[in-house]
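Student: Here is a model I would like to learn to read. Can we go through it feature by feature?

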Amino acid sequence: MDALQPYWEVCPQLRQTLFKVNRLGYLDLAVSKQAIKTTIYEPPELVSFIGSMNALFADWREQSAETLKSLQVVCHFKTVIAELAEDLLAHYTGKPLIEQYDVYQHLMMDYWAATMRGDCYLIAADGWKAGTYRIIEIKKNKEAKPLKKPTKAGFATSCSSRSSLTATSPPGRRPYASKRRRWKVQVPK
């Protein structure tokens with residue numbers, strides 16, 4: 001029980017609410033097993049602590065979002081991640097019940113490896129642009145009329161049973177396959 005002293009410091013009444021003294025050195029549970037979770041989460045001290053941790057993270061996220069939104073094509077993403085990581089560590093230094101390196105591991109290393117690294121690579125290479133990597137061409141018949149007619153919903157409908165759409169790589173980009181191949185997608189009637 002003494003190993004949980006940091007928790008008792010945040011919620012001083014929680015220990016007395018959860019446990020009762022049986023004899024010297026022994027405690028019994030004062031609440032039913034089904035009520036443990038609700039008993040732990042209802043003290044106003046813990047509610048305010050959780051609120052302060054959420055506000056602390058929201059503050060760091062807002063500062064980091066400004067940094068990330070200002071990235072340019074010439075950015076060095078390793079420098080960016082180092083700055084974000086140092087700011088995160090400084091932000092959580094000295095906070096009770098929070099191990100700053102656990103937060104660092106979860107947000108910066110795990111999330112960075114899974115998501116942010118690829119995003120930073122793309123921004124460093126292409127900048128902030130939303131471009132398409134695939135162009136869909138509509139084939140035309142001999143009279144230069146499209147074989148597909150757009151519907152009100154914006155989807156193409158088939159005018160002939162053998163018509164199809166093809167997807168090709170845009171000019172200046174590598175093709176999707178090792179050889180320049182057109183991928184045919186059959187459009188349902």
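Tutor: Start with empty space. Rolling a probe the size of a water molecule over the atoms shows where such space is left. A pocket is an open set of points on a 1 Å grid over the protein atoms alone, with protein on both sides within 12 Å along at least five of seven lines. The largest pocket here has a volume of about 320 Å³. That volume is the space filled by probe spheres set on the points, which are joined across faces, edges and corners.

Tutor: Some ground rules. This is a predicted model, where local features need pLDDT of at least 70 and side-chain atom pairs pLDDT 80 or more, while totals for chains, interfaces and linings use all residues. Residues are numbered from 1 along each chain as its sequence is written, and side-chain values use heavy atoms, without hydrogens and water.

Student: Which residues lie nearest the centre of the largest pocket?

Tutor: Lining residues have an atom within 4 Å of a point. There are 16 of them, and Ser64, Leu68, Leu84, Tyr111 and Met116 lie nearest the centre.

Student: Which helix gives the largest share of the lining?

Tutor: Helices are DSSP runs (H or I, at least four residues), numbered from the N terminus. α6 gives the largest share, seven residues. Both α4 (44-69) and α6 (100-126) supply at least two.

Student: How many lining residues fall in each class?

Tutor: Ala, Val, Leu, Ile, Met, Phe, Trp, Tyr, Cys and Pro count as nonpolar, Asp, Glu, Lys and Arg as charged, and the others, Gly among them, as polar. The lining has 13 nonpolar, one polar and two charged residues.

Student: Is tyrosine 92 buried or exposed?

Tutor: Buried means under 20% relative accessible area, exposed over 50%, partly exposed in between (1.4 Å probe, protein chains only). Tyrosine 92 has 6%, so it is buried. This residue sits in helix α5 (residues 77-92). Its C-alpha is 9.2 Å from that of tyrosine 104, 12 residues apart along the chain.

Student: And where is aspartate 59?

Tutor: In helix α4. Aspartate 59 is partly exposed, because its relative accessible area is 35%. Aspartate 59 and histidine 91 are 32 residues apart in sequence, yet 9.1 Å apart in space, C-alpha to C-alpha.

Student: What is the phi of leucine 97?

Tutor: Most residues other than glycine have a negative phi. Leucine 97 has a positive one, near 65 degrees. Leucine 97 lies in the loop between α5 and α6. At 31% relative accessibility, leucine 97 counts as partly exposed.

Key: On a 1 Å grid over the protein atoms alone, a cavity is a set of points where a 1.4 Å probe fits but cannot get out, and a pocket is an open set with protein on both sides within 12 Å along at least five of seven lines; lining residues have an atom within 4 Å of a point.
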